[in-house]
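Welcome! Here is a short tour of a protein chain for someone meeting it for the first time.

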Amino acid sequence: TQLMCWLGGYLQVIAGVLQIYREDCFSGTAFAAYGCFWVANANGAGSATFLVVFGVLTLGFAVLSLRHTPAIAVLFWVLTVAFFILGFSHGPPVNERGSRAGHW
């Protein structure tokens with residue numbers, strides 16, 4: 001699965017560059033950011049801090065996505081919640097429920 005994350009991440013970065021070339025800055029930035037996430041995740045950077053930082057980045061995308069279609073906005077808000085659950089569940093164990101909620 002490391003190869004798939006690595007390859008998929010680089011393909012998302014390429015898609016981001018192509019979107020920026022087409023002057024769609026929001027989509028280009030989102031594709032490139034999540035492509036970098038998958039490449040870094042394939043290299044073993046799935047720490048709690050890393051996931052929470054991407055949660056904050058996704059929160060910014062979620063706020064900006066309110067200018068776009070409702071489906072895009074819902075997607076980013078769900079991703080925001082998912083990144084924070086994953087990030088906080090990868091930190092020091094607080095309780096059993098938090099660990100089960102973010103276990104992947």
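Let us start with Trp-6, which is found in helix α1 (residues 2–21). Helices here are DSSP runs of H or I with at least four residues, while strands are runs of E with at least two, numbered from the N terminus. Trp-6 counts as partly exposed because its relative accessibility is 38%; buried means under 20% relative accessible area, exposed over 50%, and partly exposed in between, using a 1.4 Å probe and protein chains only.

Trp-6 also belongs to a nonpolar surface patch with Leu-3, Leu-7, Tyr-10, Leu-11, Ile-14 and Leu-18, and together they have about 720 Å² of accessible area. Patch residues have over 30% relative accessible area and no salt bridge, and nonpolar side chains (Val, Leu, Ile, Met, Phe, Trp, Tyr) are joined within 5 Å. A salt bridge would be a side-chain nitrogen of Lys or Arg within 4 Å of a carboxyl oxygen of Asp or Glu.

## About the model

This is a predicted model, where local features need pLDDT of at least 70 and side-chain atom pairs count only at pLDDT 80 or more, while totals for chains, interfaces and linings use all residues. Residues are numbered from 1 along each chain as its sequence is written, and side-chain values use heavy atoms, leaving out hydrogens and water.

## The overall fold

The chain has five helices and zero strands. Of its 104 residues, 30% count as buried.

## The core

Which residues touch the most other members of the largest nonpolar core? Among its 13 residues, they are Tyr-34, Phe-37, Phe-54, Phe-61, Phe-76 and Phe-83. Helices α2 (25–42), α3 and α4 each supply at least two residues of this core. Such a core is a set of buried Ala, Val, Leu, Ile, Met, Phe, Trp, Tyr and Cys residues joined through side-chain atoms within 4.5 Å.

Phe-83 touches Tyr-34, Phe-37, Leu-51, Phe-54, Gly-55 and Thr-58, leaving aside residues up to four places away in sequence. Contact means heavy atoms within 4.5 Å.

Buried residues of α2 include Phe-26, Tyr-34, Phe-37 and Asn-41. The cover over the buried residues of α2 includes α1, α3 and α4. Just after α2, Gly-44 takes a positive phi of about 90°.

Ser-65 lies in the loop between α3 (48–64) and α4 (70–89). Is Ser-65 buried or exposed? Ser-65 is buried, because its relative accessible area is 0%. Not counting residues up to four places away in sequence, Ser-65 touches Phe-26, Ile-72, Ala-73 and Phe-76.

How values were computed: Patches are made of residues with over 30% relative accessible area and no salt bridge: like charges are joined within 9 Å, nonpolar side chains (Val, Leu, Ile, Met, Phe, Trp, Tyr) within 5 Å. Accessible areas come from the Shrake-Rupley method with a 1.4 Å probe; for residues, only the protein chains shown count as cover.
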